[in-house]
Amino acid sequence: MKIDKETVDKIAHLARLVLTEEEKNRSIEELSEILSFMEKLGELDTTGVEPLIYMNEHVNVLRPDEVIQEISREEALSNAPLKNEAYFKVSKVIEK
């Protein structure tokens with residue numbers, strides 16, 4: 001695939017970018033290099049190679065959920081600009 005100025009203009013439009021002529025020329029060179037590299041990867045013989053999904057054997061390694069109370073309600077509310085006994089007061093942001 002050949003990268004030309006029209007292709008760069010279309011990509012820039014889709015990405016909502018305004019590029020100078022120098023940036024467009026540099027983009028043409030960089031995108032052409034990327035496509036050349038991808039073409040070289042396409043030349044590799046990958047028969048018998050399993051697709052790689054994860055970089056290691058571990059899948060979804062998550063820490064256990066533990067409920068801990070690090071600060072009290074009073075501590076949380078101590079610096080609130082507006083508060084009611086046990087709650088933060090905030091201005092109304094949604095109109096009916």
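Among contacts (heavy atoms within 4.5 Å) in the protein chain between residues at least 6 apart in sequence, 23% join residues at least 24 apart. The model is predicted, so local features need pLDDT of at least 70 and side-chain atom pairs count only at pLDDT 80 or more, whereas totals for chains, interfaces and linings use all residues. Residues are numbered from 1 along each chain as its sequence is written, and side-chain values use heavy atoms, with hydrogens and water left out.

Three helices and two strands are present in the protein chain, in the sequence order α-α-α-β-β; helices (H or I, at least four residues) and strands (E, at least two) are DSSP runs numbered from the N terminus. The protein chain is more spread out than a compact globule, because its radius of gyration of 27 Å is well over the 12 Å that the globule rule gives for 96 residues. This radius is taken over C-alpha atoms, and the rule is 2.2 Å times the number of residues to the power 0.38. Along the principal axes, the C-alpha atoms fill a box of roughly 65 × 45 × 30 Å.

Of the 96 residues, 8% are buried (under 20% relative accessible area, with exposed over 50% and partly exposed in between; 1.4 Å probe, protein chains only). S27, in helix α2, is buried with a relative accessible area of 19%. Leaving aside neighbours within four places in sequence, S27 is in contact with V8 and L19. M38 is also found in helix α2 (residues 21-42), but is partly exposed at 48% relative accessible area.
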